[in-house]
Amino acid sequence: MHIHFISDLHLSADRPTLTALFERYLAGPARAASRLYILGDLFEYWAGDDDLDDPLAARVASQLAALADAGTQVFFMPGNRDFLIGADFSSRARLTLLPDPTPISLDGQPALLCHGDSLCTDDLAYQAFRQQVRNPAWQAQFLTQSLAVRKQIIAGVRMKSEEAKSGKAAAIMDVNADAVAALLREHDFPRLIHGHTHRPAVHSIDVDGHACERWVLADWQDDQGEVLVWGDGQLSRQALK
């Protein structure tokens, strides 16, 4: 059985073609996987698990649950867009929430999973924001506000984020080499798999004399997606259209 890795779909109500592509994947290729790891930013945003009556949220949760019922274990690691996904959505979708980072084994070979935003340490403003919103106390306070107010706040944050990106150098929004090396060193030099940067590639890295690999997952577009597949002792990329 194969193991699948995806991230950065950014599903939203105004991208129905993308949602349909994801549903075809869940009903088709994903059924051949023993495990599916979704490494963050499944949704464009997530205002809280009390939004499960939203048609898109309910639809995606139902499709993920159907995949789990068919025998594929589904794991989800929150990203920078959907870090508020919690126990209610996880139960409805029949998936297991993972901390960032999470070590796993690929047929006995060590691998480390993360969303990837924690590695973009050159972007100091974003790292300060990330530290704030990942704080459990901040999240608890934020979730006390009405769903409508939360969505308004998120819309404003998203607008400011897009404006900020336009003024940042591309290198600042990519991972920092020292941060990658430190993470690999801390976890005994595994293979690293992450998303977030929307720069799919495989990087060979020497860390303290250890040959390591960093696999970057692709973001999904309206008419195409990509799955990183572990099978027959190696990783490969599978295009979806």
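**View 1. Lining of the second largest pocket in the predicted model.** The second largest pocket is lined by Leu11, Ser12, Ala13, Phe43, Glu44, Tyr45, Trp46, Ala47, Asp51, Asp54, Leu56 and Ala57, and about 170 Å³ of space lies in it. A pocket here is an open set of points on a 1 Å grid over the protein atoms alone, where a 1.4 Å probe fits, with protein on both sides within 12 Å along at least five of seven lines, and lining residues have an atom within 4 Å of a point; a volume is the space filled by probe spheres set on the points. Residues are numbered from 1 along each chain as its sequence is written. Because this is a predicted model, local features need pLDDT of at least 70, whereas totals for linings use all residues.

**View 2. The largest pocket and its helices.** About 820 Å³ of space lies in the largest pocket, whose lining comprises 32 residues, with Asn80, Arg81, Tyr126, Ser161 and Lys165 nearest its centre. Two or more lining residues come from each of helix 4 (124-133), helix 5 (136-142) and helix 6 (147-166), and helix 6 gives the largest share, eight residues; helices are DSSP runs (H or I, at least four residues) numbered from the N terminus.

**View 3. A nonpolar surface patch.** Val149, Ile153 and Val157 make a nonpolar surface patch of about 180 Å², for which residues need over 30% relative accessible area and no salt bridge, with nonpolar side chains joined within 5 Å; a salt bridge is a side-chain nitrogen of Lys or Arg within 4 Å of a carboxyl oxygen of Asp or Glu. Val149 is found in helix 6.

How values were computed. This is a predicted model: local features need pLDDT of at least 70, side-chain atom pairs count only at pLDDT 80 or more; totals for chains, interfaces and linings use all residues. Side-chain values use heavy atoms; hydrogens and water are left out. Patches are made of residues with over 30% relative accessible area and no salt bridge: like charges are joined within 9 Å, nonpolar side chains (Val, Leu, Ile, Met, Phe, Trp, Tyr) within 5 Å. Accessible areas come from the Shrake-Rupley method with a 1.4 Å probe; for residues, only the protein chains shown count as cover.
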